[in-house]
Amino acid sequence: MKFGVIIFPGSNCDHDAYWTIQQVAKQPVTFLWHESHDLENCDAIIVPGGFAYGDYLRTGAIARFSPVMEAVGKFAVGGGLVLGICNGFQILCESGLLPGALMRNVGLKYVCKPVHVRVENADTPFTNVCREGEVLTIPIGHMEGNYFCDEATLHELRREQRIVFRYATSSGDIAPDANPNGSLDNIAGICNQGRNVLGMMPHPERYSEPELGGTDGFRIFQSLVGVMVER
Amino acid sequence: MKAYVYVSLKKSVLDPQGKTIQSALKKMGYKGLEDVRQGKYFELTLDGGLPRNDAEAEVTRIASEILTNPVIEEFQVRLEEQP
């Protein structure tokens with residue numbers, strides 16, 4: 001059982017994710033370079049935050065064509081576990097592994113702060129140690145986190161319970177003023193139909209140790225580790 | 001030959017940057033403005049190896065597969081022979 005953390009030129013949360021897996025979750029982990037065609041038998045892949053390829057053209061637009069993402073695509077289609085965080089979420093959307101797109105924040109500002117997200121679906125490999133309706137505090141840090149999809153897709157996401165996290169107040173209300181970026185339906189994270197690919201704007205690796213201000217983010221890693229042990 | 005690709009957000013997609021520019025222009029006193037949409041513009045220089053129809057098809061492919069995200073954006077292509 002092994003985690004792989006992808007490094008693109010411009011990734012900057014790769015080491016944080018690596019640290020969390022190695023030092024906090026105490027699991028084997030390796031870095032995977034963007035030019036690699038091989039996922040080195042990893043059982044779960046983290047597509048980390050940052051600015052892959054400088055966010056040139058659009059966030060994630062160039063990264064999606066990298067050799068490693070071709071391998072991740074095949075891995076995901078075969079049921080492999082893939083977690084995209086922030087820029088990783090943007091890359092997964094551009095790659096077509098998740099529907100929709102992440103647009104410029106409605107306020108046109110880079111937003112960097114802890115936010116509350118409500119767990120909408122606790123029956124995924126990424127949230128199985130959480131309770132449905134539970135409110136987690138996890139930081140965001142992004143300029144393009146404004147989730148958008150067409151109405152048919154939103155309907156499908158709701159029907160299939162693929163909206164995993166929504167921005168909420170501390171008491172769990174899905175309110176407009178709890179929405180930091182204008183995301184459709186307060187969406188903070190979604191998964192694919194197979195539930196093996198999750199994209200989320202909040203950074204769970206940044207709230208995985210008490211020294212960093214919170215540990216709610218670690219629940220995502222805990223869930224993944226539990227699933228991997230079972231597998 | 002030159003190819004010009006104009007990328008804009010679909011009409012159904014809110015354009016917060018366009019809205020901000022519009023309200024700034026209004027505050028500055030510019031008149032007669034109904035809406036502002038912000039987009040992107042690409043200038044591609046072609047090597048002349050492809051006939052015009054094929055070149056247009058190729059640029060359209062580039063625009064739809066890479067230069068735009070079809071979830072939120074649309075584009076127009078214009079080709080121009082160089083003197």
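What percentage of the 83 residues of chain B count as buried? I found 29%. A reminder to myself before going on: this is a predicted model.

**Entry 1: chain B as a whole**

I listed the secondary structure of chain B and got 2 helices and 3 strands. Read from the N terminus, the order is β-α-β-α-β.

Next I looked at the dimensions. The C-alpha trace of chain B spans about 50 × 30 × 15 Å along its principal axes. Its radius of gyration is 16 Å, whereas a compact globule of 83 residues would come out near 12 Å.

I then turned to contacts in chain B between residues at least 6 apart in sequence, and 70% of these join residues at least 24 apart.

For the surface, I noted that chain B exposes about 5600 Å². Carbon and sulfur atoms supply 54% of that area.

I also looked up the charges: chain B has 12 positive and 13 negative ones, and their mean positions lie 11 Å apart.

**Entry 2: nonpolar cores**

Which residues have the most contacts inside the largest nonpolar core? They are A:Ile45 and A:Phe165, in a core of 69 residues. Helix α5 of chain A, residues 218-230, gives the most to this core, with 7 residues. Another core, of 11 residues, lies apart from it, and B:Leu44, B:Val59, B:Ala63 and B:Leu67 are among its members.

**Entry 3: helix α2 of chain A**

I went along helix α2 of chain A (residues 67-77) and wrote down its buried residues: A:Val68, A:Met69, A:Ala71, A:Val72, A:Gly73, A:Phe75 and A:Ala76.

What do they pack against? On the strand side of my list are β1 (3-7), β2 (29-33), β3 (44-47), β4 (81-85) and β11 (197-200) of chain A, and helix α3 (87-94) of chain A joins them. After α2(A) comes A:Gly79, with a positive phi near 100°.

A:Leu108 has a positive phi, near 60°. I placed A:Leu108 in the loop between β5 (101-103) and β6 (111-119) of chain A. Buried or partly exposed? A:Leu108 has a relative accessible area of 22%, so it is partly exposed.

A:Asp185 also has a positive phi, of about 60°, and is not a glycine. A:Asp185 sits in the loop between β9 (163-167) and β10 (187-191) of chain A. Its relative accessibility is 21%, and A:Asp185 therefore counts as partly exposed; the cut-off for buried is under 20%.

**Entry 4: A:Ala178**

I stayed with the loop between β9 and β10 of chain A, where A:Ala178 lies. Why does A:Ala178 count as buried? Its relative accessibility is 15%, and buried means under 20%.

Which residues are in contact with A:Ala178, leaving aside neighbours within four places in sequence? I noted A:Tyr167, A:Ala168, A:Thr169 and A:Asn186. For A:Ala168 I also took the distance: A:Ala178 and A:Ala168 are 10 residues apart in sequence, and 5.2 Å separates them in space, C-alpha to C-alpha.

Note on methods
Residues are numbered from 1 along each chain as its sequence is written. Chains are lettered from A and ligands numbered from 1 in the order in which they are written. This is a predicted model: local features need pLDDT of at least 70, side-chain atom pairs count only at pLDDT 80 or more; totals for chains, interfaces and linings use all residues. Side-chain values use heavy atoms; hydrogens and water are left out. Helices (H or I, at least four residues) and strands (E, at least two) are DSSP runs, numbered from the N terminus. The radius of gyration is taken over C-alpha atoms; the globule rule is 2.2 Å times the number of residues to the power 0.38. Buried means under 20% relative accessible area, exposed over 50%, partly exposed in between (1.4 Å probe, protein chains only). Contact means heavy atoms within 4.5 Å. Accessible areas come from the Shrake-Rupley method with a 1.4 Å probe; for residues, only the protein chains shown count as cover. Lys and Arg count as positive and Asp and Glu as negative; His and the chain ends are not counted. The place of a charge is taken as NZ of Lys, CZ of Arg, CG of Asp or CD of Glu. A nonpolar core is a set of buried Ala, Val, Leu, Ile, Met, Phe, Trp, Tyr and Cys residues joined through side-chain atoms within 4.5 Å.
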